[in-house]
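I opened the model to look up its strands and its aromatic rings. My notes follow.

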Amino acid sequence: IEYILAGSNPLQIQAGVTGLGVSFQTFDQYGNTASIPAASGVTIEAKVFIEDPVCETADGLSSSSSSLPYATDVSTTTTYTNSGIYAVSITPSKVGTYYLAVLHGNKIYCEGGAPIRRTLTVIASGFLGNATTVTGYSDIEVNVNGSMSLAFHDKFGNKVFAPTSTSVSIYGLQGFTLTGFTLSNGIWTKILGGVSSFSFDYTTTRTGTYDFNVTVDGTPVLSSGYISDQTNNAPSINVTVARVGAYVLAPFGIVRENKLSYVSLQAQDSFGNNVTDSNFDTSLSFEANLNSAYKVDAVVHQRSAGKVVFRFVFYQGGSFTPKVTLKETRNGVAIRTIANDKAEGALTVLAATCKGQDSTKPFRCLDNTCVADYSQCPDANIVCPISVPVRCYTGGCAATSFECPCPSGQERCSTGACQTTGSCLDTPLVTVPNSAHRTVSPTATNNPTVSPTSSNPSVSPTMNPAANLPPGVTSGPTVVPTGVPSMSPTGVPSVPPGTSPPFAPANSCPYLCENPKVCRASAQDCPSPRVCPLGYLSCPDGLSCARDAASCGNFTRVKECPGKKQLCPDGSCATTIDDCPTLVTCLNPAYVVCPDGSCQSDATQCIETNTCGGSLTKTFLCPDLSCVSNAVDCPSSVVCPKNYVLCEDMACAPSLQSCSGLTITCTDSQVKCPDSSCSSNWLSCPSKTTCPLTAPVLCADGQC
């Protein structure tokens, strides 16, 4: 069998177009034109190869059809027409040079040592904008160049040349710089022509993830046209921060003495991007502008993602200069100094209290502003009248804090504490007729005011007002400067030889006070009402104060008092009401007791309370304004002998007339400590004793 392949050589066809006009004539072995198709079962067809097929024989059929290099991007169809002629149609999709040959029974027909074939050239079909490919883009670091390439194609992906004045636009990279492009309204544009591809560089100084897209002559590039070495081919560029080179120190809030304050520092690169790693060390210190010897070093409180939070506390007010040191590190070793004690303006540290800041504006509002009268606060609430000066946590007013209602399901016990209804353990008391009661009108001579000159004032005189002792008592305790009566080694007040002890019989009660129901020698010896500063509420315990009911603390040290012990207002347990901490009695019967234990004419004279803002761990505020870690650590308060009073100077006395009349007034720059002494700040106050549950009563000599 012989063949003649008709058609030009080489053949040229455009991609995507079916080429016709190619045919071949078959003959018999004698050279006669065949008049019928090949015998049944014999396949005669034309195929396209990517390489020039090699004949294994000079004439006849090749025997290696299984290894022939067929072209998968060009399809052919062979159809018998007539008179032994077969027509061939060819449809290519990929540009290139191919070879068309005739196969007989899947074997190439060779003649004269060469196959009967034609060379086939496939050309691109034409420029198509959305067939453009975008390659090479990748994530970069700030201020470091990246590169991107665009290539133009026909619809089959064959490279083509862009026509003249082809417009390429890139959206989403307005914060970048693209070489060779012009930026207008946030869109980068480039006009070109006569090229099949081009590349350009891009860079930016801002971190972030930027999604972008490309249009060619207004037509968006197909999603399949974005090809990147990244795991995700989506058109996106992630820009990471450069090495640390700067910082931003957050503005300082209101900073006061003795209050723990915080400020944050954010490390950045030289372009203002926040650093997200920890390859740097930093420190913050404060130098006093008027006293260079006083310096405060801030402590790193928290650190993460390039941000450092410092904490600090000042023990004196004034003007300070914050100074920052920042160093770049590598493997924990400093390799570059970015700032060394760099001054950051000035910081004014206010006094611990409003009174210390300005004695004419002693009250602090919820927004931390200081005012002359609480009614000037934006959050001003009602002020209780003098007749009922205590503002209860419920919002109402009462004569004493112990007359405020207890929470739901509780009742006020004779101790003054609120307990579950029906659980109070009251002790029967024997009272004497009111005719035995005496009244005392305080005068200026028995209520002197002493202004200390230091944080721990000392007053030398001692007093022994024996003339004012109650009936049956021949001598009273000696009152010493600290306010503690003279004690014997056993902790019992000393009594001169031959005299009777100044204690009431076991079950006697000369006068039964109300709220709480404690025994005193007379009516004027009863505890004075406790009040809270304006703007504060009296909590259910009758001792503590808070801005709102939700902020009232729970001072109970145990879930419930063991055995038949009673719960005292301060959360301690006592065998009888007489073992509960003794409450202060003011010399002036019209005065009230403030949270700091001082006696004042009314609540407007009470200074603001401690907030335990100067410690990380001691943040629990006890009823006496001490700061501890939790309620269990609240210090014990002094318990005076039965029927005794607790004087303003924290001394125990048989009656109010036996009190020294000595009161300690702290200066505007000082605070009054729980032990009645004065200090420059609450954190410097002397520590008080916390008695164990096995010996819960704190005697006046400091023994439990």
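I began with Phe286: its relative accessible area is 0%, so I logged it as buried. The model is predicted, which I keep in mind throughout.

Next I checked the ring partner of Phe286. The centres of Phe286 and Phe252 lie 5.8 Å apart with planes at 65°, so I noted the pair as edge-to-face. Phe252 sits in the loop between strand E25 (244-249) and strand E26 (255-256), while Phe286 is in strand E28 (residues 280-288), 34 residues apart. Phe252 is partly exposed, at 22% relative accessibility.

Phe24 belongs to strand E3 (residues 19-27) and Tyr86 to strand E7 (residues 85-92), 62 residues apart. Phe24 is buried at 1% relative accessibility, and Tyr86 is buried at 7%.

I also looked for charges over rings. Arg303 lies over the face of Phe280, 4.2 Å from the ring centre. Arg547 has its charged end over the ring of Tyr536, 4.5 Å from the centre.

Then I turned to the strands. The protein has 58 of them and one helix. I traced an open sheet of five strands, ordered E16-E19-E14-E12-E23, with mixed pairing. E16 (177-178) and E23 (226-227) are at the edges with a single partner strand each, so one side of each has no neighbour in the sheet. E14 (residues 146-153) and E19 (residues 197-203) run antiparallel, joined by six bridges. Gly146 has Tyr202 of E19 as its bridge partner.

Key
Residues numbered from 1 in each chain as written. Predicted model: local features only at pLDDT ≥ 70, side-chain atom pairs only at ≥ 80, totals over all residues. Heavy atoms only, no water. Pairing = 2+ DSSP bridges. Helix = DSSP H or I, 4+ residues; strand = E, 2+ residues; numbered from the N terminus. Buried < 20%, exposed > 50% of the residue type's maximum accessible area, 1.4 Å probe, protein only. Phe/Tyr/Trp six-rings, centres within 6.5 Å; stacked < 30°, edge-to-face > 60°. Lys NZ or Arg CZ within 6 Å of the ring centre and 35° of its normal.
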